[in-house]
Amino acid sequence: MRDIFLRACRGERTAPVPVWFMRQAGRYLPEYQEIRGKADFLTMCKTPELAAQVTLQPVDLLGVDAAILFSDILIPLEAMGAGLSFVEGKGPVLDPPVRSDEDFKRLHPIEPEKDVPFVLETIKILRRQLADRVPLIGFAGAPFTMATYLVEGGTTKSFVNIKKMLFSNPALFRKVMDLITDVTISYLSAQIDAGAQAIQLFDTWAGVLTRHDFRDAALIYARRIFNALRPKGVPMIYFVYDGGHLLDLTALSGADVIGLDWRTDVETALKSLGPDTVVQGNLDPCLLFLSEDRLRERISEIILQGLQAKAHIFNLGHGVLPEIPPEKVKLAIDIIHELSA
Ligand code: 1CP
C-alpha cells in the first residue's frame, strides 16, 4: 500500500509529502455530477455502491494519497432522531431545531450497525475496492459543530441560538453535548471496526468561540472522543476551521495531527503548536485559481514551512470549491508530489 499518509500521521517525515484534499469528491468533478444527476445527495450517502464509487473518483482521477469516505457529518444527527434534509441552494436543514428540554427528548443514542449500516457497508466495500492502494479516512463532525447544526436548524452566520443555549441554559447545552459526544464515539468506533484506517474530526464552527468558551464548550468534548478512541490505534486528526486563535489549545486535544485552515501559515501555526506537532494543510482553496507558475510558488512555500513540523500532510485549508477546474486540482497534486519528492 502507498502508506505515506499513515506514516506522516505517525510523525514520520516522508518524501514526497502525502496529499489529500477535503471535499476531494464533489461537485467540481464531472464524474461526480454525473452520478449526482441521477440521485440526490442523501440517497448517494445511503447507497453504499454509489458512496464507494464517488469516494474512489479522486483516487483514480487525481492520484491522492488517501481516500476519504463519502458521507456527511450530519448523517448521525438524523440517526439520533433529528429531521435532516438538503435543500437545493440552501444547504442542510434540521427541522425542527433543538432548543428546549422538550425538543431534546426526541433525540436518542445510536447503534451504528442498526442506524447507519450504509456507512459501515460503504467502508467495507471501499477497503475491498481500494485493495490496499491508499488508506481510507473515516470522519465525524465534532460535538460543538454538530450541536450548532441541531440548535440553529441549519447553517448560520450569527450563531445566536447555539450561543444563547450555551450561556442561558448551560444544563441543556451540556446534555446535548454529552449525547452527541457519546454518539460520535460509538459512530467513529464502528467506522474503525469496519475498516477506516484514520479518522478526522471536523470542528467547522468552533472558531466562533473565544478561547475561554472553546475550552469549556468544544475542546473538552473533542478530547473525550480522542481519549476514548485512542486504544483503537488509528491516527486521529482534529481540524478546527478558522481556529488560528485556538491553536495552542487544539494541541491539547489528544489528536495525532492538527489540521490547519488557510488563514494561519504553517510557520506561524507551529509557534503556537510547538515543532513536535504533525500538521495537515493548508493551501487556500481559492489559490487553485492561480496560474501554474504562481501556484507552484505558493505550494513550495507551504512545503518548505512544513519541514519545520514533525511531519506534514498536504491539504487545502478547507474543501475544494465547485468552481475549481478539476485539471487544476490534479495539477496541484502533481506539483506537491514533485516538489517534495
Ligand atoms: O449537493 C451536493 O452534491 C452535496 C454537497 C456536499 C458534499 C459533496 C455536502 C452537503 N456534503 C458533501 C460531502 C462531505 N461533507 C464530505 C465528503 C468527503 C470529502 O470528500 O471530503 C465531508 C467530509 C463533509 C463534511 C462536512 N459537511 C462538513 C465539515 C467540513 C467542512 O466543510 O467544514 C460540514 C460543515 C458539512 C455540512 C454540509 N454538508 C453539505 C454542505 C454543503 C455542508 C456545508 C453547509 C454549511 O455551510 O453549513
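Select Ala25 and the ligand: a backbone N or O atom of Ala25 lies 3.3 Å from an oxygen atom of the ligand, a polar contact (a pair of N or O atoms within 3.5 Å). The protein buries 88% of the 890 Å² that the ligand exposes when taken alone, with areas from the Shrake-Rupley method and a 1.4 Å probe.

This is a predicted model, in which local features need pLDDT of at least 70 and side-chain atom pairs count only at pLDDT 80 or more, while totals for chains, interfaces and linings use all residues. Residues are numbered from 1 along each chain as its sequence is written, and side-chain values use heavy atoms, without hydrogens and water.

Next, select Tyr32. An N or O atom in the Tyr32 side chain is 2.6 Å from an oxygen atom of the ligand. For the side chain of Thr204, the distance from such an atom to a ligand oxygen is 2.7 Å.

The shell holds 23 residues, with Arg23, Tyr32, Asp72, Tyr149 and Thr155 the closest.

Then turn to the pocket. The ligand sits in the largest pocket, that is, more than half of its atoms lie within 2 Å of the pocket's grid points. A pocket is an open set of points on a 1 Å grid over the protein atoms alone, where a 1.4 Å probe fits, with protein on both sides within 12 Å along at least five of seven lines; lining residues have an atom within 4 Å of a point. Here 42 residues form the lining, and Arg23, Arg27, Asp72, Phe86 and Pro92 lie nearest the centre.

Notes. Near = heavy atom within 4 Å. Polar contact = N/O pair within 3.5 Å; in protein donor to acceptor, adjacent residues only side chain to side chain.
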